[in-house]
Amino acid sequence: METTELKAAYRGLLRLAESISDTAGYTAPAQDDIDWTLSHIALSDPLLTAAARDILNGRPAVVDNQHAMDQGAIAELSGSTTHQQRVAMVRAHGHELREALSAIPDQETASLVLLRLFTRDGEPLPEQHMPLRDLIALRATTQIPGHTARIKAHVSTENDRTRGA
């Protein structure tokens, strides 16, 4: 499976996240959202990797993101790691995801993935099936760029705040 677009999306996210120091001094809401976002990605990428490996091995693929949206799991990860450690986790897990996807033959990318998704508030969404290629395209074009844009907005706001704007 082709992963160039996914790699580019992660490159943008990681470049931005790496520019934030562990002692950035952002407001609590901004820092909490940045921590939440990186923790969420770090927890969700292994779910996608497992689904890709299931498809590669001819097993039914399921992505259940409840743990990656769970406030307790995210708080535990955020509280037990530094910002740079979370960035390293996102980098490593993103690499593992791309490696697993790269091993999937193109004809297998139409394989359906059962999605059991939850909102940030923990509310379940209706189950659905989506072809793996569409799920990964969504990750590359919407999800990761959206997370990047949200972090970038915090960085811009904080930079403006510290310059007295």
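Modeller: A salt bridge here is a side-chain nitrogen of Lys or Arg within 4 Å of a carboxyl oxygen of Asp or Glu. This is a predicted model, in which local features need pLDDT of at least 70 and side-chain atom pairs count only at pLDDT 80 or more, while totals for chains, interfaces and linings use all residues. Residues are numbered from 1 along each chain as its sequence is written, and side-chain values use heavy atoms, without hydrogens and water.

Biologist: How many salt bridges does a search of the whole structure find?

Modeller: One of them joins the side chains of R59 and D54, at 2.9 Å from N to O. Over the whole structure, the search gives a total of seven.

Biologist: Which residue meets D35 in a salt bridge?

Modeller: D35 lies in helix α2 and its partner in helix α5, 51 residues apart, helices being DSSP runs of H or I with at least four residues, and strands runs of E with at least two. D35 has 12% relative accessibility and counts as buried, a word for under 20%, with exposed meaning over 50% and partly exposed in between (1.4 Å probe, protein chains only). The partner is also buried, at 3%, and the bridge spans 2.9 Å from N to O. The residue is R86.

Biologist: Which residues are linked with D33 in a network of salt bridges?

Modeller: D33, in helix α2, is 87 residues from its partner in the loop between β2 and β3, and the two side chains meet at 3.0 Å, N to O. D33 is buried, with a relative accessible area of 11%. The network links D33 with R120 and R150.
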